[in-house]
Amino acid sequence: MILCKVIGSVWATRKDEALTGVKLMIVRRLNDSGTKGAEEFVAADFVGAGVGEKVIVATGSAARNACLDKEVPIDATIVGIVDAVELQDN
Amino acid sequence: MILCKVIGSVWATRKDEALTGVKLMIVRRLNDSGTKGAEEFVAADFVGAGVGEKVIVATGSAARNACLDKEVPIDATIVGIVDAVELQDN
Amino acid sequence: MILCKVIGSVWATRKDEALTGVKLMIVRRLNDSGTKGAEEFVAADFVGAGVGEKVIVATGSAARNACLDKEVPIDATIVGIVDAVELQDN
Amino acid sequence: MILCKVIGSVWATRKDEALTGVKLMIVRRLNDSGTKGAEEFVAADFVGAGVGEKVIVATGSAARNACLDKEVPIDATIVGIVDAVELQDN
Amino acid sequence: MILCKVIGSVWATRKDEALTGVKLMIVRRLNDSGTKGAEEFVAADFVGAGVGEKVIVATGSAARNACLDKEVPIDATIVGIVDAVELQDN
């Protein structure tokens with residue numbers, strides 16, 4: 001999983017039917033210091049994450065394990081909202 | 001999922017049978033400002049996306065969940081046509 | 001899927017039994033202008049692609065959907081031979 | 001699988017239910033000399049790895065084979081704690 | 001699949017039970033000229049590859065198709081030992 005910050009959302013009227021009602025957020029990968037990374041992508045949200053929050057994102061087939069409907073065409077899902085990150089990097 | 005712009009299409013007569021009738025588009029990954037990114041690849045299209053449109057692309061095994069036939073050799077599918085992107089990146 | 005050029009082949013006598021008889025080609029990822037990209041890898045070929053041809057390669061679990069035997073240890077397969085690429089990138 | 005060093009942990013109260021009780025560590029990819037690499041991500045831990053330890057991390061669908069519950073939204077798992085790495089790179 | 005050179009091995013006593021008895025090698029991705037690439041990772045070996053040998057490595061879910069036990073947490077497997085690579089890159 002990767003640490004990301006939610007930076008926005010995306011809207012699509014014409015889409016795969018299985019995506020109806022799914023909240024699609026734009027997330028940006030964070031590096032360990034919590035500063036901006038380079039990578040941005042779209043992740044489904046089922047935990048109620050808001051813009052600006054730091055989140056844990058699962059990718060690939062794992063992303064669908066967080067969906068009620070396993071047949072959705074989703075490859076990235078927000079699976080947790082970060083309370084704290086403890087780093088001890090010596 | 002990733003945000004892309006449809007920039008073209010690709011034609012192949014000799015191909016895996018399961019790809020018969022599947023529209024294969026060339027898409028380019030967008031960065032958050034909607035400007036050109038560096039990454040281009042081929043995505044199947046089942047939502048009727050046109051060249052020039054901004055789309056949401058699902059990759060990996062998720063891509064096949066957007067296909068009627070789950071046994072197709074497809075690893076990227078256009079799953080939505082973007083109406084709007086809202087970014088609030090502070 | 002990604003656009004590649006077939007640039008060679010690889011031979012292995014000692015290998016996983018499921019790969020017996022499978023033609024393994026070396027392919028190089030193309031960028032949109034059809035010029036050389038940086039990425040090279042090995043892809044199975046079931047459509048009869050020749051060295052020098054431009055092809056469509058499916059990767060990941062999708063690659064096995066192009067194989068008769070779904071239990072092969074194959075993560076990249078040539079699924080089409082490109083006739084034409086139309087690009088309209090404004 | 002990739003060699004990583006455990007550099008910290010992440011806490012999330014609001015999360016996917018299947019992640020309850022799962023220890024989520026932050027790991028950093030190592031290069032062959034055991035020095036710091038650039039890539040950091042979150043991996044589930046079921047082998048009791050501690051911060052500072054060098055570990056083997058499985059990614060993608062393989063990560064869930066190390067979980068009792070295969071339906072967890074987990075895409076990276078610590079599957080071993082490294083005793084020794086022998087390199088003979090000529 | 002990717003071409004790699006076996007450059008070492010890794011030992012772990014505390015590990016996922018399914019990895020007991022599995023030989024874990026460190027491999028380095030080769031570029032087309034057979035010279036050193038930048039990428040190194042851990043791959044399971046069931047074909048008896050030795051350090052210094054050039055091998056074909058399958059990644060992702062494909063890697064487990066080369067394992068007797070499909071439930072192992074393995075995402076990369078050596079599936080062949082290279083006899084020859086023929087390149088015709090014009």
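User: How many bridges join strand 4 of chain D to strand 5 of chain D, and which way do they run?

Analyst: Two strands pair if DSSP finds at least two bridges between them. Strands (E, at least two residues) are DSSP runs, numbered from the N terminus. In this predicted model, 5 bridges link strand 4 of chain D with strand 5 (residues 76-81) of chain D, and the two run antiparallel. D:Val57 has D:Ile78 in strand 5 of chain D as its bridge partner.

User: Which sense do strand 1 and strand 4 of chain D pair in?

Analyst: Strand 1 (residues 2-11) of chain D pairs with strand 4 of chain D in the antiparallel sense, over 4 bridges. D:Lys5 is opposite D:Lys54 of strand 4 of chain D.

User: Is strand 4 of chain D buried or exposed?

Analyst: A residue is buried if 20 or more other C-beta atoms lie within 10 Å of its own, exposed if 12 or fewer, and partly exposed in between; C-beta atoms are placed from the backbone. In strand 4 (residues 54-59) of chain D, 6 of the 6 residues are buried, so the strand is largely enclosed by the rest of the structure. Both faces are covered. D:Lys54, D:Ile56 and D:Ala58 are buried on one side, and D:Val55, D:Val57 and D:Thr59 on the other.

User: What residues does the contact take from chain A and chain D?

Analyst: Two residues are in contact if their C-beta atoms, placed from the backbone, lie within 7 Å. Here 28 residues come from chain A and 27 residues from chain D. On the side of chain A that touches chain D, strands 1, 4, 5 and 6 of chain A each give two or more residues.

User: How many bridges join strand 6 of chain A to strand 1 of chain D?

Analyst: There are 4 bridges, and these strands run antiparallel. A:Val85 has D:Val10 in strand 1 of chain D as its bridge partner.

User: What rotation superposes chain A on chain D?

Analyst: Two copies of a chain are related by a rotation about an axis and a shift along it. Superposition is by least squares on the C-alpha atoms of residues with pLDDT of at least 70 in both copies. Here the rotation is 72° with 0.0 Å of shift along its axis (RMSD 0.0 Å). That is the relation of a five-fold axis. Only 7% of the interface residues of chain A are also interface residues in chain D, so the copies meet through different surfaces.

User: What are the confidence values?

Analyst: The predictor gives the complex an ipTM of 0.91 and a pTM of 0.94. Residues are numbered from 1 along each chain as its sequence is written, while chains are lettered from A and ligands numbered from 1 in the order in which they are written. Local features need pLDDT of at least 70, side-chain atom pairs count only at pLDDT 80 or more, and totals for chains, interfaces and linings use all residues.
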